[in-house]
Amino acid sequence: MFNSRIIGLGKYLPDNVVTNDDLAKIMDTSNQWIVERTGINERRHIVKGSDDSPSTMAFKASKIALNRAGIKASELDMILFATLSPDLYFPGSGVLLQELLGISTCPSMDIRMQCSGFIYSIATADQFIKSGMYKNILVVGAENHSGGLDMSSRGRAVSVIFGDGAGAAVLTRENDENFGIKSSHLYSEGKYAKELSLIGPSTQRWVPEIMDANDPNDESYFPFMNGQMVFKHAITRFTEVINEGLKFNNWESKDINLLIPHQANLRISQFVQKKFGLSDSQVFNNIMNYGNTTAASIPIALTEAWEKNKIKPGDKIVLAAFGSGFTWGSTMIVW
Ligand SMILES: CC(C)(COP(=O)(O)OP(=O)(O)OC[C@H]1O[C@@H](n2cnc3c(N)ncnc32)[C@H](O)[C@@H]1OP(=O)(O)O)[C@@H](O)C(=O)NCCC(=O)NCCS
């Protein structure tokens with residue numbers, strides 16, 4: 001029986017910083033509203049016409065992660081690509097990343113679990129490594145939200161929250177069972193699928209149908225979010241799934257060296273921090289600078305925490321996410 005362990009991390013954020021004041025110039029919002037409700041000060045948006053896309057941003061983050069891991073792309077046995085905003089409707093962004101990395105053939109799988117995508121991908125990679133089937137797996141999360149948001153006042157409750165970016169992690173086989181991914185805990189509840197969703201374009205709302213309707217009030221191709229319902233479920237599920245991971249490993253909240261929650265909303269992270277009685281140094285947040293980057297948010301935060309020397313060998317690290325689906329999960333790691 002093997003364990004799996006993260007041996008390299010990388011992140012990439014587009015250069016273009018969009019502040020709350022920038023948004024207030026194009027929609028009816030304010031810095032004060034956004035900061036009070038979400039904790040976000042600024043986010044990054046891809047500049048239209050630049051070569052940034054989910055796969056190219058993932059490529060940049062992956063190169064850093066591979067370099068830090070000290071392994072070549074050709075040594076990868078598998079790519080797992082978490083995104084809700086793939087470059088193309090099909091095929092998935094994983095194959096595009098594979099080509100950019102110059103790997104002629106390997107399995108490349110997209111994981112469409114939205115904000116929980118990185119947790120699901122880590123759990124999947126962990127199982128492939130534990131089973132002995134693969135040794136080195138690249139897991140990435142990357143999103144281009146900005147191109148598809150309603151940037152008018154109509155879409156303000158959603159569009160102020162989301163940002164673009166990519167994060168990557170290289171996992172490898174670990175023979176010492178005291179280190180690495182200790183457990184993952186995954187859930188979904190499709191009853192709430194439409195509460196945080198994008199209906200069109202899809203097979204329920206094909207592009208020709210949208211074009212034929214030619215309706216300026218059609219919002220079906222913008223993301224929809226029932227904010228208050230998401231908030232309520234998020235704080236309950238975050239708490240449950242972190243508790244489950246702690247119990248499973250016989251850890252207590254005081255044992256956590258660093259909790260990295262999916263950066264959904266600073267108020268959600270603060271609620272979870274309080275619920276577990278964690279100090280500020282036990283929780284890492286960077287939503288202030290990047291907004292909510294969905295599947296990319298945990299790998300970006302994990303990379304930044306590592307770069308800031310907040311993660312040391314032997315530390316107990318807890319990752320947790322909640323998002324569209326609804327989906328949620330946690331991963332418990334001894335670094
Ligand atoms: C989205 C969210 C910040 C909205 O906060 P809220 O306190 O629920 O706010 P409401 O939706 O009740 O709206 C309150 C008012 O602010 C207005 N408003 C919404 N967005 C606004 C914006 N960007 N700027 C200014 N006002 C805004 C609303 O129109 C409403 O006005 P009204 O009272 O005149 O009708 C909050 O619901 C939330 O954080 N939900 C979770 C979202 C999340 O984490 N999503 C990611 C999941 S992975």
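I started at Ala 58 and skipped its neighbours within four places in sequence. Ala 58 is in contact (C-beta atoms, placed from the backbone, within 7 Å) with Phe 81, Ser 93, Leu 97, Val 140, Ala 142, Ala 166 and Ala 168.

A note to myself before going on. Residues are numbered from 1 along each chain as its sequence is written. This is a predicted model, where local features need pLDDT of at least 70 and side-chain atom pairs count only at pLDDT 80 or more, while totals for chains, interfaces and linings use all residues.

The domain bounds come from an automatic or database domain assignment. I also jotted down a general rule: in soluble globular proteins, nonpolar side chains tend to be buried together.

Then I checked the two domains. Their centres, taken over C-alpha atoms, are 14 Å apart. Domain 1 puts 48 residues into the contact and domain 2 puts in 42. On the domain 1 side, α5 (117–130) gives the largest share, seven residues. Helices (H or I, at least four residues) and strands (E, at least two) are DSSP runs, numbered from the N terminus.

Which residues come nearest to the ligand? I found Thr 29, Arg 156, Ala 157, Gly 227 and Ala 264, out of 21 residues around it. A residue is near a molecule if its C-beta atom, placed from the backbone, lies within 6 Å of it. Helix α8 (227–248) is one of the elements that supply at least two residues of this shell, and its five residues are the largest share. Why does the shell lie between the domains? Domain 1 and domain 2 both give residues to the shell, so it lies between them.

Last, I looked at the whole chain. I counted eleven helices and 13 strands, and 47% of the 335 residues are buried. The C-alpha trace spans about 60 × 50 × 35 Å along its principal axes.

Definitions and conventions
Two residues are in contact if their C-beta atoms, placed from the backbone, lie within 7 Å. A residue is buried if 20 or more other C-beta atoms lie within 10 Å of its own, exposed if 12 or fewer, and partly exposed in between; C-beta atoms are placed from the backbone.
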